[in-house]
Amino acid sequence: VLCHLINSLNPPERRPIKRIQVSERAFTQMEQISQFLKAMTDYGLTATDLFQTVDLWEAKNLPAVQQSLMALGGKAISKDDGYFRGDPSWFP
């Protein structure tokens with residue numbers, strides 16, 4: 001879901017995650033989270049905006065995940081490039 005989210009914020013020819021894998025294997029799932037985090041950095045978020053893979057994978061720090069998604073929403077709104085589809089009042 002997160003990989004589809006970050007891809008939707010980019011034009012089709014510049015999708016940051018070319019291959020979204022669906023797998024039950026832990027390694028593959030963690031790799032997809034890492035790709036999402038790299039794509040967020042490429043999108044313009046700073047390292048301090050990002051959660052760590054373990055925060056989501058092991059549910060160790062879900063508020064950090066939420067904060068990262070809020071930062072992503074705010075960045076998408078500020079870019080004003082037409083790819084964000086949603087209610088901008090949800091994001092600071």
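The legends below describe close-up views of a predicted model.

**Figure 1. Overall fold of the predicted protein.** The protein contains four helices and zero strands, and its elements follow the order α-α-α-α from the N terminus. The C-alpha trace extends over about 35 × 30 × 20 Å along the principal axes. Of the 92 residues, 30% are buried. Among contacts with a separation of 6 or more, 40% join residues 24 or more positions apart.

**Figure 2. The largest nonpolar core.** This core comprises 16 residues, and I6, F36, L37, M40, Y43 and L72 have the most contacts inside it. At least two core residues come from each of α1 (2-8), α2 (26-43) and α4 (62-79). Helix α2 provides the largest share, six residues. In soluble globular proteins, nonpolar side chains tend to be buried together.

**Figure 3. Surroundings of I6 in the core.** I6 is one of the residues with the most contacts inside the largest nonpolar core. When residues up to four places away in sequence are not counted, I6 touches P16, I17, F36, A39, M40, Y43 and L72. Among these partners, F36, M40, Y43 and L72 are also listed with the most contacts inside the core.

**Figure 4. M40 in helix α2.** M40 belongs to helix α2. The relative accessibility of M40 is 0%, below the 20% limit, and M40 therefore counts as buried. Apart from neighbours within four places in sequence, M40 is in contact with I6, L45, L50, S68 and L72. The C-alpha atoms of M40 and C3 lie 9.9 Å from each other, although these residues are 37 residues apart along the chain.

**Figure 5. N10 in the loop between α1 and α2.** N10 is located in the loop that lies between α1 and α2. With a relative accessible area of 9%, which is under 20%, N10 is classed as buried. The contacts of N10, not counting residues up to four places away in sequence, are with R15, P16, Y43 and Y83. Of these, P16 and Y43 are also touched by I6.

**Figure 6. The largest pocket.** The volume of the largest pocket is about 260 Å³. Its lining consists of 14 residues, of which V1, L2, Q29, Q32 and I33 are the closest to the centre. Helices α1, α2 and α3 (53-57) each give two or more residues to this lining. The largest share, five residues, belongs to α2. Classified by type, the lining of the largest pocket holds nine nonpolar, five polar and no charged residues.

**Figure 7. The second largest pocket.** At least two lining residues are supplied by each of α1 and α4. The largest share comes from α4, with four residues. By class, eight of the lining residues are nonpolar, three are polar and two are charged.

Notes:
Residues are numbered from 1 along each chain as its sequence is written. This is a predicted model: local features need pLDDT of at least 70, side-chain atom pairs count only at pLDDT 80 or more; totals for chains, interfaces and linings use all residues. Side-chain values use heavy atoms; hydrogens and water are left out. A nonpolar core is a set of buried Ala, Val, Leu, Ile, Met, Phe, Trp, Tyr and Cys residues joined through side-chain atoms within 4.5 Å. Buried means under 20% relative accessible area, exposed over 50%, partly exposed in between (1.4 Å probe, protein chains only). Contact means heavy atoms within 4.5 Å. On a 1 Å grid over the protein atoms alone, a cavity is a set of points where a 1.4 Å probe fits but cannot get out, and a pocket is an open set with protein on both sides within 12 Å along at least five of seven lines; lining residues have an atom within 4 Å of a point. Grid points are joined across faces, edges and corners, and a volume is the space filled by probe spheres set on the points. Ala, Val, Leu, Ile, Met, Phe, Trp, Tyr, Cys and Pro count as nonpolar, Asp, Glu, Lys and Arg as charged, and the others, Gly among them, as polar.
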